[in-house]
Amino acid sequence: MIQLQNVSVTIQGNKILDNINLAVNDGEFVLLCGESGCGKTTLTRLVNGLIPHFVKDVKVDGTVTVEDMKISESPMYKIAESVGSVFQNPKTQFFNTDSSAEIAFGLENIGADRDSMHKRVAKTISDLGIETLADRSIFSMSGGEKQLLAFASVYAMNPQVYVLDEPSANLDYEAMGKLRRILEIVKKGGHTVLIAEHRLSYLSGLADRIVYLKAGRIEREFTAAEFAVLPESERSAMGLRSIRSEEIKIPEHTFMQPNASLAVHHISVQRKKRLILNDLSLSANDGDIIGIVGRNGIGKSTFCSALCGLLPAVSGEVIFCVRKLSRSARTKQFGMVMQDVNHQLFSDSVKNECLSANPNATNQEIENLLNSFDLLDCIDRHPLTLSGGQRQQLAICQAIMGKKKFLIFDEPTSGLDFRHMCQVTEWLKQLAQHGYILFVVTHDYKFLNRACNCYVRIDKIN
């Protein structure tokens, strides 16, 4: 079904994959894992044809075939008939602003008649259980909701091969369970699945084979049974997350602390006259790392945007050291690492991204910080040539460089492997020790338990 023979990939002079040999059988479910930047995304792009057809300055040696199609010689429309892709950043594959129209888009492109198209869209929504996403503006959706919509748009096309790159990166635990059920449907239908992932627990019992990449090479391969009995210490040493799900173990923040350094009183936020967040209050002291949890689309990112002044609040106030902070004052005091880090990467090199956050930073400071996040070798690379996980790390470096009093991290470990998740944890703790107040939006309970001292749950609009 999928065959990679002696494949090496060099992009802008950087060797990303080195002599890859991999065969995926018809109907097989194969998991690609490994540390951020190991080449997982590049391998998926070879299979769906983005490499070499859409990536500039790329050199590919070897042969990639899918269903007897030589990918380098086949037109994209032909590849797309067999291979459906869900990208790490779902917004890069959207063509409509309406969700139902997005699901129908691929069917329109192959000339499906209107009646069968409507039936297929309805079946997709029903099969995947995403009725709450139908007939919605894409701009009103959270990152996790967009990820499920991207999968739906591919599912509607019914391809034989599914290629997925970090599909769970922005999903809450409920949505991740829904994704697992969807993948079970796909697997039972006899489809071939190639999935690159860091969050492994929801795939337990689904993957037939696990391929571990390191520094652009296939280091090891496991059967499902072999991977299941791999010692946790060995898995951690490989930079992989646990295959076991985790519950929240830290205390919930349920009351306002008296005389707290920072007090957020009764914040409410509207978007287009719709109440997104209602009457949320919390408090924090210097050195606190507060987790913000809740299901996809409940208003976590909206709260963070209002807190740092990016969105206006219809009511409420933010008080720091007995002084009310205006919206403009909060934009100067608060720094934010966004869920989609592409919104905040503007420079032409990794080094210049750091300098944009702190023009007075010395070369040594920048190099020390980048080295701690394994980005020193990328110092002169354009940020958009980095992997998704590496961009996430760079955005965190930016926030650290900015040296603002309050830092907000929106899903800082999405796209990160276990080792880099631990590095982010240590950096947050070091910042807390220096008196920063940190807020962390996350669905990653393992990270939450390691990094935060308490959490606030946003459940519903009161």
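**Helix packing and cysteines**

Visitor: In which hand does α13 cross α14?
Guide: α13 passes α14 in a right-handed crossing. Right-handed means that the near helix is turned clockwise from the far one by less than a right angle; left-handed means anticlockwise. Helices here are DSSP runs (H or I, at least four residues), numbered from the N terminus.

Visitor: Where does this model come from?
Guide: This is a predicted model, in which local features need pLDDT of at least 70 and side-chain atom pairs pLDDT 80 or more, while totals for chains, interfaces and linings use all residues. Residues are numbered from 1 along each chain as its sequence is written, and side-chain values use heavy atoms, without hydrogens or water.

Visitor: Back to α13 and α14. At what angle do they pack?
Guide: About 140°, with the axes of α13 (residues 363-372) and α14 (residues 388-402) 10 Å apart. Axes are lines fitted to C-alpha atoms over the stretch in contact, and angles run from 0 to 180 degrees between N-to-C directions.

Visitor: Which residues of α13 make the contact?
Guide: Glu-365, Ile-366, Leu-369 and Leu-370, against Leu-394, Cys-397, Ile-400 and Met-401 of α14. Contact means heavy atoms within 4.5 Å.

Visitor: New topic. How many disulfides?
Guide: Zero in the whole structure; a disulfide is a pair of cysteine sulfur atoms within 2.5 Å.

How values were computed
Helix = DSSP H or I, 4+ residues; strand = E, 2+ residues; numbered from the N terminus.
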